[in-house]
Amino acid sequence: MREIALSMGPDQNLIGIVTEPDGSPQPLGMILLNAGVVHRIGPHRTSVKIARYLARQGFATLRFDISGVGDSRPPHDALPSRQQAVQDIKISMDYLQSKYGVTRFGLYGICAGAMNGYAAALADERVAGLFMFDGYAFSTRKARRIRLAARWRARSVRQTLEALKARIRRFASAPFKVRTEAESVVPVAPSSHPTKERFAADLQALADRGARVVSLYSGSVFDEYSYAEQMNDAFKGHSFLAQLRCLYQPDVDHLVTPLDAQRQLIAMIGEWAQTALVAGAARS
Amino acid sequence: MTPFFFGAEDRQLFGLFQSGERASNRGGTAALLCNPFGQETVRTHRMYRVLADRLARSGVDVLRFDYHATGDSPGEDEDGEPEGWTADLALAHTELLSRSKAPRVVWLGVRLGATLAIKASIIVERAPDTLILWEPIVEGRGYLRELADRHVQTLKSSFNAPAHLWARRLESGALNLGREGVGFELGDALRSQLAALTAGSLPRPRGHRCDLVEHSDRPIVAALAQAWRNEGLDVHETVLEHDFDWLAAEALNTALVPTEAIQLLSQLVMGDK
């Protein structure tokens, strides 16, 4: 295994590290994306650990900073942030393709990184695998019931009485307010969040071209993802579910703080990488 | 900005070199920025990046680097330890001297990076002209306690699922908390070396000038400054109003790049203060 420091892109503005496997690399390149504003090493250096684990499995793996994050400056003709991120990811795929001859790629990202990976996967058919950690989530009636019950359980007797009084006051002032179905599917992060219909169509498109998608939810996003089957319930009847692997890990936090959580995450990514590799081999 | 690896084949270090941009200032100052430990490095990365850009625009050659087993450098978390990192810092200094012709060399270290700078200054052939030490760690046992406390605090704030597994494991003692510090493994050598770190064990740094930057009065640091003055070092103490939360988790919206810190540190590196 060997690591190479590099700059890439038309302005050489993107800074990254390739972890090369010993011997010939697998025909699938792996790309690790920034988690929010954390630079390319990832929260608690997890991206370094993941890159080395994947390289030991034979994958050439690139971790890099997208424009404006970490050590990468925006290019002189920068696009709006999500478009620029997709452009940067395409540049990173071009880089691995030119250096190692790989033509298919797996993308991994946490939070904003998951959303950037999702956008790139839709924009570039070279993406054969997508691992989203705390990416988009869609609520269900059951999720709301679970969250409500959890909130009530966490309250003291006094807090419970206060909350009951507040509910009675609210009901007295607006007794006939009915929750609409539209409210029940309101996305959790409205600004850049796809609608439920858009997400279903996007995931179907990825499934149709054989991309292996994993969506992992941590114990830090209980207010967005509250039980293991939430994705299945939110998209009941959609055929893309057969190819989507949805994981709920309440003992892993959003920042992957405990070392044990880091080991669990790395194992899940390793397993996903192998499925994406096999899927790619089956198609080619 | 040039990313590269340097050092011996069996202990390569990752570095980022930024050449000073203003030709008129070439031959002025070169700066080595020394990382703190673990989560504090993640927290300070953006600040160092902004500071490095600002210094480079003013003509200063800047080298940032990762110690062995940290950041992008090879090595696993558990292999990192302060004695090795002190040697890494000295090696980075040599690398900076090979890339810059600047006659004046400044080291800036924060927290454990400042402590390592103190120690490395006495082993390098050519000492830095100025050391800027921002809240150096001078009591290792206290630092280990701080890491343990913040680790648990981070876990408590990071999870919001009810009755989550980690809390049950915490109560049962199943998590080996002594070996974890806010997401980073604390190896045996790291813990034993930190446990042995006291203000009295620190040497008087070599160099012409030392700037100690503190948020609040720490008698132990004031005493250290006085002791160094008595030994002939030109020590300046500066108060920085901003209270930097070194160990905050990334998701919390604490300031990553406090303006007053950037201004003060730039002035100190440039020798303008």
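This is a predicted model: local features need pLDDT of at least 70, side-chain atom pairs count only at pLDDT 80 or more; totals for chains, interfaces and linings use all residues.

Q: OK, then what is the bridge partner of F17(B) in β4(B)?

A: That's L63(B). The strands involved are β2 (residues 13-18) and β4 (residues 61-66) of chain B, which pair in the antiparallel sense over five bridges.

Q: And what order do the strands of that sheet in chain B come in?

A: The order is β1-β2-β4-β3-β5-β6-β9-β10, an open sheet of eight strands with mixed pairing.

Q: Why is one side of β1 and of β10 in chain B left without a neighbour in the sheet?

A: Because β1 (2-6) and β10 (234-239) of chain B stand at the edges, and each has a single partner strand. On average, neighbouring strands in this sheet are turned by 20 degrees against each other, ignoring direction.

Q: Which strands does helix α1 of chain B lie across?

A: Helix α1 (residues 39-57) of chain B lies across β2, β3 (29-34), β4, β5 (104-110) and β6 (130-134) of that chain. The helix runs at about 160 degrees to β4(B).

Q: Switching to chain A, what's the strand order there?

A: Chain A has an open sheet of eight strands in the order β1-β2-β4-β3-β5-β6-β7-β8, and the pairing is mixed. At the edges are β1 and β8 (244-249) of chain A, each pairing on one side only.

Q: Do β6 and β7 of chain A run parallel or antiparallel?

A: Parallel: five bridges join β6 (residues 127-133) to β7 (residues 212-218) in chain A. One pair to look at is F131(A), whose bridge partner in β7(A) is V214(A).

Q: Now the contact. How many residues does each chain put in?

A: Chain A gives 43 residues and chain B gives 44 residues. Between them the chains bury about 3400 Å², with 56% of that on carbon and sulfur atoms.

Q: How many salt bridges across it?

A: Six are found between chain A and chain B. R73(A) and D53(B) form a salt bridge through their side chains, at 3.1 Å from N to O.

Q: Which element gives the largest share on chain A's side?

A: β1(A), with five residues. By type, chain A's side divides into 20 nonpolar, eleven polar and twelve charged residues.

Notes: Residues are numbered from 1 along each chain as its sequence is written. Chains are lettered from A and ligands numbered from 1 in the order in which they are written. Side-chain values use heavy atoms; hydrogens and water are left out. Contact means heavy atoms within 4.5 Å. Buried area is the accessible area (1.4 Å probe) that two parts lose on being put together, summed over both. A salt bridge is a side-chain nitrogen of Lys or Arg within 4 Å of a carboxyl oxygen of Asp or Glu. Helices (H or I, at least four residues) and strands (E, at least two) are DSSP runs, numbered from the N terminus. Ala, Val, Leu, Ile, Met, Phe, Trp, Tyr, Cys and Pro count as nonpolar, Asp, Glu, Lys and Arg as charged, and the others, Gly among them, as polar. Two strands pair if DSSP finds at least two bridges between them. Axes are lines fitted to C-alpha atoms, for helices over the stretch in contact, and angles run from 0 to 180 degrees between N-to-C directions.
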